[in-house]
Amino acid sequence: MTNANDVSGPLDRYLSILEVVLASKQGLTLAELCKILDLPKPTAHRLVSALGSAKALEVADEGLKTYRVGARMSRMLQLGRSDSALINYCQVVCNELVSELEETCYVVKLTPQSAHTIAVAVTEHGYRMHVGEGAVMPMHAAASSKILLAHQDEASRRRYLSGPLEKLTPFTITSVRQVLTEIEKAKKDGYATCVGEVDPSTKAYAVPVSSPVGVFYSVGVTGPQFRIDKRPMAYWIDHLRDAAQKLERILEMPHLDGAQFATGPRGATARRPERRAAG
């Protein structure tokens, strides 16, 4: 009978491999892993293959078959950087979403001044959309901010859209009336889009995330338009809605103080955003 408290089984071996690969910094070959951990080559190969399938490891050098920490494990190691449990949860959702969609995914927060990202996970593709944490999302152009405005009252919408609207690309709408019309459509559709409005070559979708105090968060995906258009819109929206529903369940957890997410027009002010991003 297997002892439930026995940690010397397969799980311990997986963790041991990850530990020594992390310690190596540059990665290890299969032979080096076998030597360090005293594992038979077939066993080591089976373990690293499973870790590779889970993106906990990846091959750094095809010639030498050097194994290093993979994208998923790298993202996991970044969790816990924030003192906010909510932000860490948002990062977990982004990490899961980018593994499914293989495009840059992010959660955006509405503050009294603007909307900015609080969690981002980037794709492994060579062509990446660098949407950084704290990036400002143009209120009149980004899908993530438009869907947030769609769930605010008329006065709040106009306040966020006050002042000249910047013409970021030839496709950017700068008429407040037209933006308000698009926002109203986004509310009816349940999602917003951004097609070349922030970056002429990119496309983005975003859906709202409801909380006990309103809609002050959205989850989005962005990438080069030629890649996004390879899949039907429903594919992206369905995945985003699944992620939004998970965030909604998280927001209902009792250990999350409502003050952490009541940050809309009359809520608490979040830290000042750092830079603008596409999406």
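Tutor: Contact here means heavy atoms within 4.5 Å. With that cut-off, and leaving aside neighbours within four places in sequence, L30 is in contact with K41, A44, H45, V48, K65 and Y67. Before we go on, this is a predicted model, where local features need pLDDT of at least 70 and side-chain atom pairs count only at pLDDT 80 or more, while totals for chains, interfaces and linings use all residues. Residues are numbered from 1 along each chain as its sequence is written, and side-chain values use heavy atoms, with hydrogens and water left out.

Student: Okay, where does L30 sit, and what makes it buried?

Tutor: L30 is found in helix α2. Its relative accessibility is 12%, and buried means under 20% (exposed is over 50%, partly exposed is in between, with a 1.4 Å probe and protein chains only). So L30 counts as buried.

Student: How many helices and strands does the protein have?

Tutor: The protein has 10 helices and 10 strands. Both are DSSP runs, numbered from the N terminus: helices are H or I with at least four residues, strands are E with at least two.

Student: Let's look at two of those helices. Why are α1 and α2 called roughly perpendicular?

Tutor: Check the angle. Helix α1 (residues 10-24) and helix α2 (residues 30-37) have axes that come within 11 Å and cross at roughly 110 degrees. An axis is a line fitted to C-alpha atoms, for helices over the stretch in contact, and angles run from 0 to 180 degrees between N-to-C directions. Under 35 degrees is roughly parallel, over 145 roughly antiparallel, 65 to 115 roughly perpendicular, and the rest oblique. The α1 and α2 pair is therefore roughly perpendicular.

Student: Which residues of α1 and α2 meet?

Tutor: From α1 you get S16, I17, V20 and V21, and from α2 you get L33, I36 and L37. These divide into 6 nonpolar, 1 polar and no charged residues. Nonpolar covers Ala, Val, Leu, Ile, Met, Phe, Trp, Tyr, Cys and Pro, charged covers Asp, Glu, Lys and Arg, and the others, Gly among them, are polar.

Student: And α3? How do you know that α1 is roughly perpendicular to α3?

Tutor: The axes of α1 and helix α3 (residues 41-53) come within 10 Å and cross at roughly 80 degrees. That angle makes α1 roughly perpendicular to α3. R13, Y14, I17 and L18 of α1 make the contact with T43, R46, L47, V48, A50 and L51 of α3. By class, that contact has 7 nonpolar, 1 polar and 2 charged residues.

Student: What makes α5 and α10 roughly antiparallel?

Tutor: Helix α5 (residues 85-101) and helix α10 (residues 233-251) pack at about 160 degrees, with their axes 10 Å apart. So α5 and α10 are roughly antiparallel to each other. On the α5 side the meeting residues include L86, Y89, C90 and V93, and on the α10 side they include Y235, W236, H239 and L240.

Student: Where is D38, and is D38 buried or exposed?

Tutor: D38 is in the loop between α2 and α3. At 68% relative accessibility, D38 counts as exposed. Its phi is near 55 degrees, a positive value in a residue other than glycine. Most residues other than glycine have a negative phi.

Student: Why is E102 called partly exposed?

Tutor: Its relative accessible area is 40%, so E102 falls in the partly exposed class. E102 sits in the loop between α5 and β4 (104-110), and its phi is also positive, near 55 degrees.

Student: What makes R227 buried?

Tutor: A relative accessible area of 13% makes R227 buried. R227 is found in helix α9 (residues 225-228). The C-alpha atoms of R227 and E103 are separated by 8.9 Å, with the two residues 124 apart along the chain.

Student: What is the mean pLDDT of the protein?

Tutor: The mean is 82, and 81% of the residues reach 70 or more. For residues 1-7, though, pLDDT is below 50, and beyond near neighbours in sequence that stretch has 1 contact in the model. Residues 261-276 also stay under 50, with 58 contacts beyond four places in sequence. The pLDDT scale is the predictor's confidence in each residue, from 0 to 100. Where pLDDT is low, the predicted coordinates should not be read in detail.
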